[in-house]
Amino acid sequence: MQRTVPTIAVAGAGLRGRGYAARIREAGGARIVAVAEPDPARRARFAAEHGLAPERTFPGWREMAARGRPADAVIIATQDAEHAGPAVRFAGLGCHILLEKPMATSEAGALRVVEAVERAGVMLAVCHVMRYTEYTRALRRLIEDGRIGAPVSVQHLEPVGWWHHAHSYVRGNWRRADESGPMLMTKSCHDVDWLIHVMGEAPARVSSFGRLSHFRPEERPPGAAGRCVDCAVEARCPYSATRLYLSCLGDPARETWPLGAVTDDRTEAGVLRALREGPYGRCVYACDNDVVDHQVVNMEFPSGATGVFTMTAFAAAAPRQTRVFGTSGCLEGDGLRITVRDFVTGGTEIVEPGGVPREGASDGRHDLDDDALADAFVAALVAGDPALLSSGPRESLASHRVVWAAERARLNRAVIELDPRSSPAKGTVST
């Protein structure tokens, strides 16, 4: 008997939506059958890539939902504030959901999503993509197998990168907490979720420190203009939009991202016009941003192990770096390679789980992670088995709540205690 190929609709044809859809098309395990995207150029490009008829393209997710169940599953890759609404609606139509993080911009919204998918009996995969790589599986297995004894502490660094931070979190769509969410949620909920996953437990207590230190009006250099194209000091500024975006021309990957967010005109004149007229040409010291540019989260786990997560803008954009310290060994990883040191033998082992980023892949995708998640979601659809997904709705909700607790801790200068007995977990402030 011929196997039925699952169908998938996409809400949001930006970088993430296009990336997941491209992987699904390449792998061939499911079919992309509809798209909802407000930008006409993006919508037309996506339709051409997947051979979609005009009646299968929509200007928004509401219009797509109004026509009834569009497919077996829906990828929701809209802007952050538009995650909960479509997730609840498409779950109600009986669609399985692949939902970009964050689940919602509030705890109440995230809970609505969880309750909607549970009520409908559909699968939900939140795009905590770091869970899905061979690297993560190998690192977690080393800890579970006792290769370093009992884990006592973990350090995890996310070096966002100076130009990436300026692009996305100063000039770009994630610059303001009231429009998308705090930096810890929009960028680093991946990392908090991943630490919970590899440590095998959620923290019992969290605290956090961080602020917007540099990208502020008072840090503006003397003589700086409101836009880089008019600025007398632009050549000496690390955050020059002119230098960053013009340097993308001729590089297909960088023309996709970050330049694709700035303009579809891949010419020098087109880029300069976008920098004169659009948000990405603004001086980083004269934007309306308010999210932090560096933050530390401290965690204490029920086992007594401790963890420190650091996010910083002020680094070269690089893979995340992790160290786990145990009672009989320690390990260090960079996303591709793990070094294990044995305290008993004094020996060192290099573990390379395999897999390299696809040639030409843009810096804007967690390339291996995104592909692995897309593959797992399609496999779960084919088998009808949510166990093929690395986390369920309640587990994703719980890790989101740790992020919100850490952000409350930062804002209130407090330690937040998480009650492991509550479901879902509730936090209380203690000083």
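The questions below concern helix packing and one histidine.

Tutor: This is a predicted model, in which local features need pLDDT of at least 70 and side-chain atom pairs count only at pLDDT 80 or more, while totals for chains, interfaces and linings use all residues. Residues are numbered from 1 along each chain as its sequence is written, and side-chain values use heavy atoms, with hydrogens and water left out.

Student: Are H4 and H5 roughly parallel or roughly antiparallel to each other?

Tutor: Helix H4 (residues 84-92) and helix H5 (residues 107-120) pack with their axes 9 Å apart, at an angle of about 10°. Angles under 35 degrees count as roughly parallel and those over 145 as roughly antiparallel, and H4 and H5 are therefore roughly parallel.

Student: How many of the nine residues of helix H7 are buried?

Tutor: Buried means under 20% relative accessible area, with a 1.4 Å probe and protein chains only. Trp 163, His 164 and Tyr 169 are among the buried residues, and what covers the buried residues includes helices H8 (183-186), H10 (241-246) and H12 (259-262). Helix H7 (residues 162-170) is mostly covered, the number buried being eight.

Student: With the side chain of which residue does the side chain of His 167 make a polar contact?

Tutor: His 167 lies in helix H7 and counts as buried because its relative accessibility is 2%. A polar contact is a pair of N or O atoms within 3.5 Å; within protein, one must be able to donate a hydrogen and the other to accept it, and residues adjacent in sequence count only if both atoms are side-chain atoms. At 2.7 Å, the partner of the His 167 side chain is the side chain of Tyr 245.

Methods. Axes are lines fitted to C-alpha atoms, for helices over the stretch in contact, and angles run from 0 to 180 degrees between N-to-C directions. Helices (H or I, at least four residues) and strands (E, at least two) are DSSP runs, numbered from the N terminus. Angles under 35 degrees count as roughly parallel, over 145 as roughly antiparallel, 65 to 115 as roughly perpendicular and the rest as oblique. Buried means under 20% relative accessible area, exposed over 50%, partly exposed in between (1.4 Å probe, protein chains only). Contact means heavy atoms within 4.5 Å.
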